[in-house]
Amino acid sequence: MRHIISILMENEAGALSRVAGLFSARGYNIESLTVAPTEDASLSRLTLVTRGSEDIIEQITKQLNKLIDVVKLLDLTEGPHIERELMLIKVKAESANQREEIKRLADIFRGNVIDVTESCYTIELTGDAQKLDAFIGTFKPGEILETVRSGITGIARGPKSLHL
């Protein structure tokens with residue numbers, strides 16, 4: 001099962017490598033990883049996505065909690081949560097018909113065309129992974145020039161939060 005683990009950790013050099021090292025040392029895969037400072041400059045929030053049985057996830061969370069840099073940890077998939085991912089996608093847009101169709105698709109998926117050249121459009125799109133995958137699926141082979149995805153970030157719904 002896929003799990004989204006959100007970690008509040010010290011904003012120090014080497015903290016991220018210790019988390020990644022924990023995963024690699026045990027042969028676990030990180031599917032997605034995002035990290036950024038929080039409103040408290042001394043703390044960072046790291047969100048990672050991994051897969052495993054309940055026993056493996058329990059072992060991972062116990063090992064993460066033992067790391068000195070980890071202040072607090074929350075498995076977002078244990079309750080209601082919101083997850084989002086950002087994607088930038090560059091697609092061919094050479095004819096007027098292609099341009100109209102791309103703009104229409106971007107509107108349907110609530111994306112924004114953020115760059116226009118003579119031969120391509122770059123579109124910004126946010127949503128869950130299924131939405132982004134569906135958008136990619138609307139294009140024929142060879143129409144997509146480049147895709148960049150941020151990885152999943154998430155937050156618990158309601159009053160539950162990850163803070164000190």
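Predicted model: local features only at pLDDT ≥ 70, side-chain atom pairs only at ≥ 80, totals over all residues.

Residues are numbered from 1 along each chain as its sequence is written, and side-chain values use heavy atoms, with hydrogens and water left out.

**Exercise 1.** State how many salt bridges the structure holds.

Solution. Apply the criterion, a side-chain nitrogen of Lys or Arg within 4 Å of a carboxyl oxygen of Asp or Glu; the structure then holds nine salt bridges.

**Exercise 2.** Describe the contact between Lys 62 and Glu 58.

Solution. First, their side chains form a salt bridge with an N to O distance of 3.1 Å. Next, the two residues are four apart in helix H2 (residues 54-66), which means that about one helical turn separates them; helices (H or I, at least four residues) and strands (E, at least two) are DSSP runs, numbered from the N terminus. Finally, Lys 62 has 49% relative accessibility and is partly exposed, that is, between buried (under 20% relative accessible area) and exposed (over 50%), with a 1.4 Å probe and protein chains only.

**Exercise 3.** Determine which parts the Arg 149 and Glu 85 pair ties together.

Solution. The side chains meet in a salt bridge at 3.0 Å, N to O. Arg 149 belongs to strand E8 (residues 144-149) and Glu 85 to strand E5 (residues 81-92), so the pair links parts 64 residues apart in sequence. Glu 85 is buried at 8%, whereas Arg 149 is partly exposed at 31%.
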